[in-house]
Amino acid sequence: MFGISFSELLLVGLVALLVLGPERLPGAARTAGLWIGRLKRSFNSIKMEVEREIGADDIRRQLHNEHILQMEQEARRILNPQTPPAQPPTAAPGQPPAAAATTPVTSGGAPETSEQPQPPRAP
């Protein structure tokens with residue numbers, strides 16, 4: 001974990017034996033082991049909580065992105081329907097474009113009155 005070799009551990013044990021003495025060394029080793037265990041458990045629980053939060057943020061972000069994509073598809077569907085509406089006839093020379101849309105001319109040259117005028121579409 002930290003890159004401590006056996007010889008380094010042996011040196012630390014020897015120094016601890018000289019400093020603490022043979023009577024207090026087993027108690028100190030036990031106490032050190034308990035503290036190290038507590039620290040490991042604390043770090044692991046913090047790590048798990050952070051990973052859980054990161055996972056929750058990813059899920060929230062993914063749901064938000066899916067919602068945005070769904071709204072974008074809905075907007076495209078509304079703005080660009082699959083069947084395009086009928087194109088109004090072009091204006092005759094000298095006639096304004098609005099008049100051409102409201103009074104279409106049939107092939108016989110007479111105005112056709114059965115069709116409803118189409119309102120202009122917004123881009």
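This is a predicted model: local features need pLDDT of at least 70, side-chain atom pairs count only at pLDDT 80 or more; totals for chains, interfaces and linings use all residues.
Visitor: What makes up the chain, in helices and strands?
Guide: The chain has 2 helices and 0 strands. One of the helices is α1, which covers residues 6-79.

Visitor: Why is Val19 called exposed?
Guide: Val19 has a relative accessible area of 62%. Exposed means over 50%. Therefore Val19 counts as exposed. Val19 lies in helix α1.

Visitor: Which nonpolar patch on the surface includes Val19?
Guide: The patch is formed by Leu11, Leu14, Val15, Leu17, Leu18 and Val19. Together they have about 600 Å² of accessible area.

Visitor: How do you know that Arg60 forms a salt bridge with Asp57?
Guide: Look at their closest N and O atoms, which are 2.7 Å apart. The cut-off is within 4 Å. The distance meets the cut-off, so the pair is a salt bridge. Both residues lie in helix α1, 3 residues apart, about one turn of the helix.

Visitor: Is Asp57 buried, exposed or partly exposed, and why?
Guide: Asp57 has 33% relative accessibility. Buried means under 20% and exposed over 50%. The value falls in between, so Asp57 is partly exposed.

Visitor: What makes Asp58 and Arg61 a salt bridge?
Guide: Their closest N and O atoms are 2.9 Å apart. The limit is 4 Å, so this pair qualifies. Asp58 and Arg61 are 3 residues apart in helix α1, which means about one helical turn separates them. Asp58 is partly exposed at 38%. Arg61 is partly exposed at 48%.

Visitor: Why is Arg76 called exposed, but Glu72 partly exposed?
Guide: Arg76 has a relative accessible area of 53%.

Visitor: How many salt bridges does the count come to?
Guide: The count comes to 4 salt bridges.

Visitor: What lies over the face of Trp35?
Guide: Arg38 does, at 5.3 Å from the ring centre. The distance limit is within 6 Å, so Arg38 meets that part of the rule.

Visitor: How many aromatic pairs does a search of the whole structure find?
Guide: The search finds 0.

Visitor: How much of the chain is buried?
Guide: Buried residues make up 3% of the 123 residues. The accessible surface comes to about 11,200 Å², and 64% of that belongs to carbon and sulfur atoms.

How values were computed
Residues are numbered from 1 along each chain as its sequence is written. Side-chain values use heavy atoms; hydrogens and water are left out. Patches are made of residues with over 30% relative accessible area and no salt bridge: like charges are joined within 9 Å, nonpolar side chains (Val, Leu, Ile, Met, Phe, Trp, Tyr) within 5 Å. Accessible areas come from the Shrake-Rupley method with a 1.4 Å probe; for residues, only the protein chains shown count as cover. A salt bridge is a side-chain nitrogen of Lys or Arg within 4 Å of a carboxyl oxygen of Asp or Glu. Helices (H or I, at least four residues) and strands (E, at least two) are DSSP runs, numbered from the N terminus. Buried means under 20% relative accessible area, exposed over 50%, partly exposed in between (1.4 Å probe, protein chains only). Rings of Phe, Tyr and Trp (its six-membered ring) pair if their centres lie within 6.5 Å; planes under 30 degrees apart count as stacked, over 60 as edge-to-face and the rest as tilted. A charge sits over a ring if NZ of Lys or CZ of Arg is within 6 Å of the ring centre and within 35 degrees of the ring normal.
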